[in-house]
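Thanks for coming, everyone. Please have the sequence and the 3D view open, and follow along as I talk.

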Amino acid sequence: MDAFKSAFSSIKPPTNLWSGGGQQSSNTTDKVPDNVIVANNQQSTQPQTQQPNQERAIHRINLSSIRHNYNEVQTSAAQQQCQVIVVVKADGYGHGSLLTACHLVERCSAGAFAVATLEEGVALRRAFEEKLSSDLGSRVRILVLGSPVGYPKCFDTYLHNNIELMVSGPEVASSLVQWMKNHDGRRRAEAETVGEKLKEDILKQNEVGNPMRHGVVRQVSMNRDKANEELLKEKEGSAGPKDASKSAPEETISNKSAAPPPPKLQTKHAAATLTNMTGDDLAREVRQILVGQKQATAKTSMPAIQEPSAEDSSTIGSSSRTTSKNPSRVGSPVPEKKDETITNKAAATPFIGIADAAKASQQKEMRASKLGDEISSKAETPVLKKKLRWHALVDSGMGRLGFKIDEHPKPAPQASLDVVGTPQAEDGISDGSIGSSSEVSAIRDTVSIIKELYDAEVHDGAPIEFYGMNTHMAEANSTSTYTNDQMERFRSLLHRVRSAGIVVPSISTDNSSALLTTTLKHFHSIGLGLETRGYVRCGGAIYGQRPSFPQLRAVSTLTATVKHVAVIKQGESVGYDRAYVAPLDVRIATLTLGFADGYPRELGGGVGRVSIRGSVYPVAGNVCMDMLMVDLGPADIEGEGSSVMVGDTAVLWGPEETDGDESSPGLIPLSELAGTLKTTQSALTCGLSSRVKRVYI
């Protein structure tokens, strides 16, 4: 558990996934998400002194229950010859996607995850790369289930972050073709992304938490420039007497080989002025620097040319003159050493930072521009090595997104893909691409569209990789007649795709409930084929939100603090609209939780219940925005309600902290509240706001 706590003490997720204010890790400059706490543990060598009743409201998340549920799901998947994709969309169903996903990778070796949006996928990839080993963090699969937004530009982000794309219809396929043909655009986008990442890393490394940081960086830069100037003067002074003793021809050669003084690095602004550069400018400068260094290294590795001695200076001069007068004379002219010396001088200069090197290279723009063609050709190579994995989403009966199942007659003539040039029709005349017009894409058969993208990958070397076919079931169980009909339609399309010569590496179909019924047959190798691997997407089961399956454990507990206890006389009212009028003298406890925190307002008026000190009490009156009231019972009876005090912890759903049995759903199960409201458990946990502190135990 210590390793887990230390691994996540510096996670800093994007603002669209985490928010709140408060706690900061003591061993890193990065902030833990402000609404996240890792609870105390006996194994911890540095326990955090965080008492639950010091917070307004806490969402307590049991990591051991998450691991237990994952193992149950994996066991069921192995029995049915399929594997699991862990769905962590909507911030892990309200439990924290980054923390829980990394925990499952480290502790359970989970290898595939699914999210709803590209932004969620990028945040998850960065968390993997930061908290796991570099190799493992880049290899864990991340699939975006939702349709891409902002294509074709977003395809560059998918490619750079190794995130798998869901092609949800002909219009997305058409845009993907255009993106494949735009070689220069892909290369430029990759360079800009790399440049922005370098800039972000540099600025993050310079961040020292000091308000005088810019002044310190500026002073360091000035000191470095001063040292460079002094070193240059020493070299010039030591070289003076030797130059004076040389003959005229030697002096000419020496002047040719002398390197110009290195440009003085600008210190008008601090290193942080790198933010004034655009991503494109920074990427161009970085490319020029790296290519220049590579060429310098290549030249320095060549056999050194012997320096002429003073006695040979006249011979060298006459030889060169003779050679120029008689080009046919056999002999080797003395090569000029100007470019070699300059390059060697540059190679000897230490690489002292992207920001300074970028500024210095700006002064060498004319010389560096000669490398433009070579830079472009070399920059193409790393882009083409990476491939964008894509899946075909099939609408087998959900009616939301996806390619249609029905077979359409092939229109004539069909456009064939040519990602190197332009799409060509069968008669050789340039035509549009897939879905170039709404009329064409509407009648195109799904198999023909998938086939053209597949051929572009296999035969034309397009930077894409067909990775599978997905569908979504409308009814979340495998015993439904409609679900079985959907699966039959999906299988028929899968058969036609394979008949077209397309290898389908994977399929993804069912969800948690279908998997846990253990009646899935379509993943068997006899029907699926040896070349295809089956996956089931599981999210709710991982977080214990499938009440039909008792083998799963509850993960979520919502608590609040008792901030006020008072006696209300008979006939007095409580809360807005006087929704509660005391039938007799009663005790009322006020809790620090309201509908702005995510507790449903529909649970007011006695519908909702609260557990305090092991006893259950009804909610009194309407749920307010920031608080709610609880009826503790008659004021004149020394019952359980009379023992409730300010500072007590109230459990609004989930297992009690004092429960010895982790399989217990608690006195107020989340499933019962969801049933009362005729909603789902995930709707309740996803509805919790950032004001609710997360505690992982």
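**A walk through the model**

Let's start at Leu98, which is placed in helix α4. One thing to keep in mind: this is a predicted model.

Is Leu98 buried or exposed? Leu98 has 2% relative accessibility, and buried means under 20%, so Leu98 counts as buried. Now look across from Leu98 to Ala123. In sequence, these two are 25 residues apart. In space, their C-alpha atoms are 7.8 Å apart.

Next, the largest nonpolar core. The core holds 89 residues. Which of them touch the most other members? They are Phe113, Phe128 and Met469. Helix α4, residues 97-108, gives this core its largest share, 7 residues. There is also a second, separate core, with 28 residues. Among its members are Ala57, Val619, Leu628 and Ile668.

Stay with Phe113 for a moment. Leaving out residues up to four places away in sequence, Phe113 touches a whole list of partners, including Ile85, Val86, Ala101, Leu104 and Phe128.

Let's step back to the whole protein. How many helices and strands are there? The protein has 24 helices and 22 strands. It runs to 697 residues, and buried residues make up 46% of them. The accessible surface comes to about 34600 Å². Of that surface, 52% belongs to carbon and sulfur atoms. Now contacts. Take those between residues at least 6 apart in sequence: 73% of them join residues at least 24 apart.

On to one helix, α20, residues 481-499. How far does α20 reach from its first C-alpha to its last? The 19 residues of α20 reach 27 Å, close to the 27 Å expected at 1.5 Å a residue. Several residues in α20 are buried, among them Thr483, Met487, Phe490, Leu494 and Val497. Here is a handy rule for reading a list like that. An α-helix has 3.6 residues a turn, so residues three or four places apart point the same way. After α20 comes Gly501, and its phi is positive, near 85°.

Now the cysteines. A disulfide is a covalent bond between the sulfur atoms of two cysteines. How many does the structure hold? The count is 0. Take Cys538, which is in no disulfide. Its nearest cysteine sulfur belongs to Cys82, 7.9 Å away. Cys538 counts as buried because its relative accessibility is 0%. Cys108 also counts as buried, at 16%.

Next stop, Asp648. Where is Asp648 placed? Asp648 is in the loop between β20 (628-634) and β21 (649-653). The relative accessible area of Asp648 is 11%, so Asp648 is buried. Its side chain has a polar contact of 2.8 Å with the side chain of Arg613. The backbone nitrogen of Met645 also lies 2.8 Å from a polar atom of the Asp648 side chain. Setting aside residues up to four places away in sequence, Asp648 touches Ala560, Thr561, Val562, Ile612, Arg613 and Ser643.

Last one: Glu171, in helix α8, residues 170-181. Glu171 is partly exposed, with a relative accessible area of 43%. Glu171 and Tyr151 are 20 residues apart along the chain, and 9.9 Å separates their C-alpha atoms.

That's the tour. Questions, please.

Terms used:
Residues numbered from 1 in each chain as written. Predicted model: local features only at pLDDT ≥ 70, side-chain atom pairs only at ≥ 80, totals over all residues. Heavy atoms only, no water. Helix = DSSP H or I, 4+ residues; strand = E, 2+ residues; numbered from the N terminus. Buried < 20%, exposed > 50% of the residue type's maximum accessible area, 1.4 Å probe, protein only. Polar contact = N/O pair within 3.5 Å; in protein donor to acceptor, adjacent residues only side chain to side chain. Contact = heavy atoms within 4.5 Å. Core = buried A, V, L, I, M, F, W, Y, C linked by side-chain atoms within 4.5 Å. Disulfide = S-S within 2.5 Å. Expected span 1.5 Å × (residues − 1). Areas by Shrake-Rupley, 256 points an atom, 1.4 Å probe, with all protein chains shown as cover.
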